[in-house]
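Here are a few friendly notes to read alongside the model. Take them one at a time, and keep the 3D view open as you go.

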Amino acid sequence: MADPMRVRATENGGIVDVKILMKHDMESGQRKDAAGKTIPAWFISTLNVKANGKDVLNGQFGPAVSKDPFLNFKYKGAKGDKIVVSWVDSKGDKRTDEATAS
Amino acid sequence: MNQQRRSVLKYSAIFGLMASAGLISVAQAQEWNKAAFEGKSLDEVFKILGAGSPDKSGAVTLNAPDIAENGAVVPVGITTSLKAEQMAILVEKNPSSLAAQFFIPAGTESFVTTRIKMGQTSNVYGLVKADGKWSMTVKEVKVTLGGCGG
Amino acid sequence: MKITHIKKLLTVSGFILATCLMQNTAMAQQKNDPKFNKMMTDSFRAEGIAGLDRIQQDETQKFCSDPVFAGSKQGEKMREKIQKMNMDLIKQPSDGKYIGDWKKGESIAQSGRGATWTDKADAAVGGGCYNCHQIDSKEISYGNIGPSLTGYGKLRGYSPEVITYTWNRINNSKAYNACSNMPRFAHFKLLNEQQIQDVMALLLDPASPVNQ
Amino acid sequence: MQRNLTLGLASGLLVVLLTVSSSVLAQKSATDDIAKYREMIADGNPSELYEAAGEELWKKPAGPKNATLEQCDLGLGPGVVKGAAAQLPRYFKDTNKVQDLESRLMTCMQNLQGRDPQEMVDAPFQQGPKKDMEAIVAYVVTLSKGDKIKVSTNHPKEKEMYELGKRAFNFQGGPMDFSCASCHAENGKRIRLQDLPNLVEQKGAALGWGYWPAYRVSSGQFWTMQQRLNDCYRQQRFPFPIYGSDVTIALSMYMAKTANGGTVETPGLKR
């Protein structure tokens, strides 16, 4: 099972600042193992963020996004908003975590 | 009502429930844009995104370092005074140009920051789609060799 | 008034500094410590090409592992002895050629790889020159443990004296400075004769980007 | 008395002047840009992901005794994690040894959970039991973030470890004649564009010791101090320092003691 994310959301003047750290190797498909064999690409491909059930961001990643991806964005919202972050990777693994805007 | 039709209905009801509960999301339903992420050149990706040859715009800012201490983690952010619907980050000299693409719903600021990998020093492109039209900005990021190198 | 006061004080502190230095004169090389030796042998294991023989120190390493003594007045005789010993180890090029291919030299200078326990025995060892030196000014990622070598030949000229000195210095830097931070590239067979010729070319071929 | 005070002030002024001028000289545009880069990545340290996993492991029963680590004594009493890492390495009466964080955690895993420490010693970094250790270390060191480094050499064994560490720091070996001091005994030095902390002075030691363990950007891994030292020795072309061995603890003692008074900034974020 995929490891949990860290989601932080802080409200300031009606704007919620969301910072997300995801635990994922984001294997590029460019690296070779010790035996010289190419390690196949494996990466988070799609990402969705909702606040109180409504989409606030959708993202698509390629294998060029860094290992343990970081994402920061802002939306119009309020303290107490329930933020749900979900991702799916190229092998179909998925993970969903939540946070409350403070 | 035949058996098959009934189970389809049942499934869609469950899917609807899961979606409203946030268990499955648009991202999961949304198809990953394979063609765009496998595009080898900037022009190829521009075409697949429907961006044609985007104009350079002073309204789009790419927030990236001049020098990255390590190509494995290069912080890149896009901001724009335009009302962005989509944003994309492209690296000219990466094996596949498109690094990430974002869809910005109404109510979300025209701002996103993430971190990308760069194989070598290259131009990095920040693209913004606003009012149905793509515009862009470009910045060179130098990737240095670091550490003892062993 | 203030200024003269401070001046006077600086003279005084200079005097104190000198006294401190003089107190350091009663010294000798650090003694063999069985406890330390045991710690070292118990703490390491051989891995890949990196055997335990690598912590068996030669005379140069032993001397330089006591930086206080090595840098002291008392250490001077020993310093000279070690420099001479290392100088005597240097071989001039077997084919009489000092200058090789600067392009190959540049890639040797760029590479910091080789000789670690994760490297294979036959893996090429880099010179790691940019780790410590500025060389071609176009390379912005350079270290500063050693002096800048940008414009090396252009500044010093291409005389036989400069060429021999540079050859010796790359082969065995300890011939000039007993405790130089620079590895002894020939002595430990890190670079072969041809590779050293190539690095020489990077510094001393008038066509090398270093001398533009 | 008055005279001594003024003397102190004057030489203090001199030191300040010297420091300012040398730092001005050391400024280069490339290193400035690197500083900007570091600032940009400082927000969002993936160490947090390891820390969260480590907290879970700390509280989860494991090993043959199916016990948690919650009663582990890291020097401030059983179960006290907050601030403990800031005072390590230290002498422990029960083992009659000076231990660093990782060797102490091995003792806790053995005594509380019945785990065999040799399995931990033998495991490669980032794999198997070491992976758990790394997460636990991330959790423990985060709970000392912001504390002052406060390591004692009052016990004779602590003092001895410090002296052994100082000697090991200067010990040259291998085919490149390197010791720790080759790179870490002068101010203002760099390898490529990476600043090298001068570990023989308080300020430099605090910059080194105070920022490790850290998430390492180049490998995308969380590195404990043991792994940091292990890779230093690899780059020094030495043989392999055994996990938790005395040389690693002695060097840690030397660095930590020199860094005393500095601030714990762990987990750090490094190249």
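1. How many salt bridges are there between chain D and chain C? Keep in mind that this is a predicted model. The count between these two chains is 4 salt bridges. To see a salt bridge for yourself, find D:Asp177 and C:Arg184, which form one with their closest N and O atoms 2.7 Å apart.

2. Now step back to the whole contact between the two chains. Chain D brings 41 residues to the contact, and chain C brings 54 residues. Together they bury about 4,600 Å², with 60% of that on carbon and sulfur atoms. On the chain D side, D:Arg167, D:Arg192 and D:Phe240 supply 18% of the area buried against chain C, more than any other three residues.

3. Next, look for the second largest pocket, which has a volume of about 760 Å³. Its lining is made of 28 residues, and D:Lys97, D:Gly244, D:Ser245, D:Asp246 and D:Ile249 lie nearest the centre. Elements giving two or more residues to this lining include helix H2 (34–43) of chain C and helix H11 (246–259) of chain D. By class, the lining has 10 nonpolar, 11 polar and 7 charged residues.

4. Finally, turn to helix H10 of chain D, residues 225–235. Here 10 of the 11 residues are buried, so the helix is largely enclosed by the rest of the structure. Among the buried ones are D:Arg228, D:Asp231 and D:Arg234. Just after this helix, D:Arg237 takes a positive phi of about 65 degrees.

How values were computed: Residues are numbered from 1 along each chain as its sequence is written. Chains are lettered from A and ligands numbered from 1 in the order in which they are written. This is a predicted model: local features need pLDDT of at least 70, side-chain atom pairs count only at pLDDT 80 or more; totals for chains, interfaces and linings use all residues. Side-chain values use heavy atoms; hydrogens and water are left out. On a 1 Å grid over the protein atoms alone, a cavity is a set of points where a 1.4 Å probe fits but cannot get out, and a pocket is an open set with protein on both sides within 12 Å along at least five of seven lines; lining residues have an atom within 4 Å of a point. Grid points are joined across faces, edges and corners, and a volume is the space filled by probe spheres set on the points. Helices (H or I, at least four residues) and strands (E, at least two) are DSSP runs, numbered from the N terminus. Ala, Val, Leu, Ile, Met, Phe, Trp, Tyr, Cys and Pro count as nonpolar, Asp, Glu, Lys and Arg as charged, and the others, Gly among them, as polar. Buried means under 20% relative accessible area, exposed over 50%, partly exposed in between (1.4 Å probe, protein chains only). Contact means heavy atoms within 4.5 Å. Buried area is the accessible area (1.4 Å probe) that two parts lose on being put together, summed over both. A salt bridge is a side-chain nitrogen of Lys or Arg within 4 Å of a carboxyl oxygen of Asp or Glu.
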